[in-house]
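Reader: I would like a close look at one part of this model, with the terms spelled out as you go, and then an account of how that part sits among its surroundings.

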Amino acid sequence: MKNFSFVNVENKADALEVLHREKEKSCLVAGATNVMPFIRYEKINDKTLINIRNLQELRFIREEEDKIEIGPLTTIYDLENSEIIEKYAPALREAAQDFADPTTRNSATIGGNIANASPAADTATPLLALNAVVVAESKSGVRKIPIQEFFLGVNKTALQCDELITVIEVPKNAANSNSCFIKLGLRNAMAISVVSVAAGVELAEGKVAHANVALGSVAPTPVRAKTVEAALVGKEFTPGLVEETAKLVTEDISPIDDVRASGEYRKTVAAVLVKRALKKSGKI
Amino acid sequence: MTKHEIEITVNGRKRRLTVKPNDLLLNVIREDLVLTGTKYGCGIGECAACTVLMEGKPVLACMILAVAAHGKNITTIEGLADGDKLAPVQQAFIDHGAIQCGFCTPGMVLTSHALLNENPDPSEEEIRDYLRGNYCRCTGYTAIVKAVQSCAKKNQ
Amino acid sequence: MSEINITVTVNGTKINANVKPEMNLLKFLRSQGFYDVKCGCEMGDCGTCTVIFNGSSVKSCITLAAQADGGTVWTNKGLGEVDELTQKLQKAFVEHGSIQCGFCTPGMIIAGKAYIEKGGKPDRNEIKKAISGNLCRCTGYKKIVDAIYDVAEQMSK
């Protein structure tokens, strides 16, 4: 038996107040593209639906000196069409282009996507590679959660039940500006990824100065391919190096068999996608 | 079973074949001549996916014994195009989105071709009537009829 | 589980009703007689429930009715009465044979409209992306793409 109540909030302060009051019963709703199926399939119940869809103050993409700031209610359509994102976080733009379908992108938000924390979340993989920081606010205050500490498990994040994501920060640097994203799905749209990869490399005199490689759908959370990254740094960036190091990704992932693909297949294809992403990011 | 030697002209080529008395023309075309454009749909003369032209007239190859085709001129779908140049009705099917899964298409095209030879300027009703034996499960027929209409003399 | 009172302007008409907090916009619209908005999968996959909500195309089955309070919704039928682009699309769909059973049609037309309004060019690949959230089991899509292409071409002149 479905049991929900619904509350509209006018601004961020209102939202924090309701979150504080409702605590575990809180269920923030913006685009509703995840919440609605969950309600239908009774994956969530007995919640207070807190409607933040119209909080325009949380929908922004801003450029600061050393970082860009993305509001949680930025829609995937906004990400796709933002010059700032294209310039400083192209992996995020490419993820937005592969996300669901154009209609869904009008409603779905980046905040909703990461707060839902599916291991396949399309914006999560790039944000992990971009070394993003999630700013979360509650009535008690503000805190910054590095993205590496944000995803804790399938549909589990480090957010407390009374917290609202208010900003997603992405640092400005060469690796991020060179970043790219590749998604493999069973369809070219409306697909939950089989494997996704985001990579950003910075080269200095032909050698790898920084390498960030993240993968989705290969573990309970998106993961950084630390073995691959370590094997790249300091080396001459050649197709041979990329070939060698991409294979190491199997050390960093633990994909399962599911309805979309086998773990074995995911291991094989992850190496291929990492190779392609590295080549694309390093422009070779 | 005594085998029979038959001679049929298929797409302009004389072919000599040895067949059993109960071999269907459809199966001889598909298996002995390896002309698989003619489809085995229902095998009981209902769907017309097996349509070929015999002496220029559409017939159901699943309802004709191979031995009965001895001495006859057969055109299969493969014989319609002139090398790489598609027949007008073939091109029309492509242009009008009249092909979805494609299974009914060879039969539809040959029957339509025969219609246009008999009646170069058919009305919509005449087209629908002539094609009434050819089944399509995909397109809803509209595009097929439009394709054939576009080949009518008045629309050239 | 108390009901919410909402006022939504649908196809130009203000509608006031009480809805359950968890009701989706699709069910709300159909309960108010807007049957041209179809219920296909009711989980955001098939796109037949697509409407224009506050100026953007959305899948109404995965939008909360309560979120539409104070907002505007346009359905394919309503737009067909007042919007020139929708009328062009509807005409093109008929002419190109893009409608077989018709169930996907309302969503397809709105997806086509959204594409063209955002500056969509006559480009088959881009049109396919625009309707990638809309499933059709009958036509094989070609004729639908033809129709949207036709209108995109008209609008680009």
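How many residues of domain 1 of chain B are in contact with domain 2 of chain B, and how many residues of domain 2 are involved?

Author: The model is predicted, so local features are given only at pLDDT of at least 70 and side-chain atom pairs only at pLDDT 80 or more, while totals for chains, interfaces and linings use all residues. Residues are numbered from 1 along each chain as its sequence is written, and chains are lettered from A and ligands numbered from 1 in the order in which they are written.

In chain B, 15 residues of domain 1 are in contact with twelve residues of domain 2, where contact means that the C-beta atoms of two residues, placed from the backbone, lie within 7 Å. Domain 1 of chain B covers 4-79 and domain 2 covers 88-155, with bounds taken from an automatic or database domain assignment, and their C-alpha centres are 22 Å apart. On the domain 1 side of this contact, β3 (51-54) and β4 (57-60) of chain B give two or more residues; helices (H or I, at least four residues) and strands (E, at least two) are DSSP runs, numbered from the N terminus. The largest share of that side, three residues, belongs to β3(B). By class, the domain 1 side holds eight nonpolar, five polar and two charged residues, where Ala, Val, Leu, Ile, Met, Phe, Trp, Tyr, Cys and Pro count as nonpolar, Asp, Glu, Lys and Arg as charged, and the others, Gly among them, as polar.

Chain B has no contact with chain A, and the closest C-alpha atoms of chains A and B are 20 Å apart.

Of the two pairs of chains in contact, chains A and C share the most contacts, with 24 residues from chain A and 27 residues from chain C. On the side of chain A that touches chain C, β1 (4-8), α2 (35-40), β3 (47-51) and α6 (102-107) of chain A each supply at least two residues, and α6(A) gives the most, with five residues. That side of chain A is made up of twelve nonpolar, eight polar and four charged residues.

The interior can be described through nonpolar cores, that is, sets of buried Ala, Val, Leu, Ile, Met, Phe, Trp, Tyr and Cys residues joined through C-beta atoms within 7 Å. A residue is buried if 20 or more other C-beta atoms lie within 10 Å of its own, exposed if 12 or fewer, and partly exposed in between, with C-beta atoms placed from the backbone. The largest nonpolar core has 142 residues, and those with the most contacts inside it are A:Val29, A:Ile50, A:Ala199, A:Val274 and C:Ile148. Apart from that core lies another, of 45 residues, including B:Leu26, B:Val52, B:Ile74 and B:Leu115. In soluble globular proteins, nonpolar side chains tend to be buried together.

Leaving aside neighbours within four places in sequence, A:Val142 is in contact with A:Val135 and A:Glu137.
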